[in-house]
Amino acid sequence: MPASPLAPAWLSFPEDVNALRPLEWAAGVSRSENDDALSIQGISVTDLAAEFGTPLYVMDADDFRARARAFKNAFDAAFQDICGGVDVYYAGKAFLSFDVARWVKDEGLRLDTCSGGELALALRAGLDPENIGLHGNNKSKAEITKAIEVGLGRIVVDSLDELERVSQIAEQLGKQANVMLRLTPGVHAHTHEFIATAHEDQKFGLSMVEGDPLLDGAGEVEGKSPAAVAVSRGLKDPNINLLGLHSHIGSQIFDTDGFALAAERMVTFLGAMSQDHGVVLKELDLGGGFGIAYTEQDEPRTPEELSTQMAEIVKSTCAKVGIESPRISIEPGRSIAGPSTFTLYEIGVRKTVIVDSELGDSPRHYVSVDGGMSDNARPVLYDADYSAVLASRTSQADAIISRVVGKHCESGDIVVKDAYLPADLTAGDLLAVPATGAYCWALASNYNYLGRPAVVAVSGGEAQLMIRRETEDDLFDRDLGAK
Ligand code: PLP
């Protein structure tokens with residue numbers, strides 16, 4: 001069967017429909033020639049499905065830990081001579097469980113949380129509060145209170161309102177709050193491009209643009225940027241221990257120029273603040289957002305490439321503005337968790353439709369699986385692309401353009417929009433979708449009263465249930481009418 005006119009331009013016709021593209025899969029996943037089924041660290045997916053059911057998130061725990069280590073080692077090495085190394089905060093929003101929190105700690109990373117729930121998990125998992133950060137553009141009083149009470153290493157303050165709120169709560173508690181200020185450095189990054197103008201029009205962070213209608217007319221701050229005002233207030237406030245500045249330019253970014261530009265602007269701003277106030281803030285967090293491979297369109301940068309480029313820019317900009325480099329930190333989430341996991345589904349029904357295309361009528365296979373937008377909301381939310389392979393066996397059938405869809409009552413419930421899959425897929429076959437370790441379980445819902453799938457972690461050739469599947473009782477537990 002020839003390539004389909006329905007395939008997007010980026011999707012190539014596969015030479016071997018059973019082949020795995022290594023960048024999309026965890027290190028432990030393979031399909032050996034004698035072994036039809038996909039396996040992870042030697043465990044067949046058919047055995048995993050039989051023991052734990054489907055849909056199932058299958059995580060290569062060793063792969064997760066290796067990626068965490070790789071970021072720490074590469075950034076430490078690149079920044080050693082500049083600021084003595086880097087603090088790597090794993091962004092827990094990508095995927096967080098008690099085990100994950102402990103692995104992160106054991107690998108020498110810290111943890112970035114962005115809600116009271118994530119913070120509570122980190123504390124209960126036994127992480128040192130000093131090594132935890134708290135984000136959020138609208139933190140509640142309870143979240144701020146908890147953070148200050150336990151002596152959190154950093155609260156990343158997002159606005160002038162919040163700076164005031166943190167100060168008041170710290171005063172009431174009689175404790176200083178450790179604060180970083182999140183700024184918007186004017187770099188709005190998309191996957192393959194960055195434009196330096198669109199940044200202002202979003203909810204996060206303190207603007208670095210001078211003049212703010214809410215501030216102008218307030219005397220001492222006239223004409224200054226909200227970021228500069230926050231630095232000046234933070235430095236004067238006895239309730240605030242102002243550690244430094246933070247920026248995060250977006251997610252799933254491949255173009256390192258965006259990171260470089262943000263780093264340059266942040267360091268330049270630090271230089272300006274040191275001129276104004278006579279102190280160099282001690283810390284600078286350059287955020288996360290490093291892209292991973294979901295499909296053949298994506299060519300991720302290695303931690304070595306990223307760290308080398310960022311180190312060069314920090315070093316040269318510090319020299320230019322005449323300051324010592326602050327301690328650098330980063331917050332990767334997706335690039336550590338994403339590739340570690342694939343989702344295993346069972347195929348239920350199929351159908352073929354004939355689609356009108358410029359090159360004439362063409363068939364598309366629809367393949368329905370036993371999960372969908374409740375276990376992976378990213379295609380619906382962000383139009384995200386994924387790939388898929390037949391996992392329980394190999395096939396010699398022709399590759400046909402296919403769409404993998406879920407079982408929800410939404411026609412937009414798409415798991416994989418475009419993939420070449422064998423034409424002989426049938427009910428009971430298992431399908432694996434790679435790179436689902438970040439923002440899939442974390443964004444999972446109970447839409448249509450589907451229970452959220454289990455997460456199995458594989459390490460040292462052993463599979464262990466990490467998070468169990470939701471049961472019918474779990475689903476109805478909070479509905480008081482069910483009692
Ligand atoms: N830091 C902040 C402030 C974020 O908002 C995010 C993601 O939204 C991250 C880090 C992690 O980004 P990623 O998972 O793309 O590395």
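Student: What relative accessible area does K417 have?

Tutor: This is a predicted model, so local features need pLDDT of at least 70 and side-chain atom pairs count only at pLDDT 80 or more, while totals for chains, interfaces and linings use all residues. Residues are numbered from 1 along each chain as its sequence is written, and side-chain values use heavy atoms, leaving out hydrogens and water. Buried means under 20% relative accessible area, exposed over 50%, and partly exposed in between (1.4 Å probe, protein chains only). K417 is partly exposed, at 22%.

Student: Which residue forms a salt bridge with K417?

Tutor: A salt bridge puts a side-chain nitrogen of Lys or Arg within 4 Å of a carboxyl oxygen of Asp or Glu. K417 and D383 do that, with their closest N and O atoms 3.3 Å apart. K417 sits in strand 20 and D383 in the loop between helix 11 and strand 18, so the pair ties together parts 34 residues apart in sequence (helices are DSSP runs of H or I, at least four residues; strands are E, at least two; both are numbered from the N terminus). The partner, exposed at 52%, is D383.
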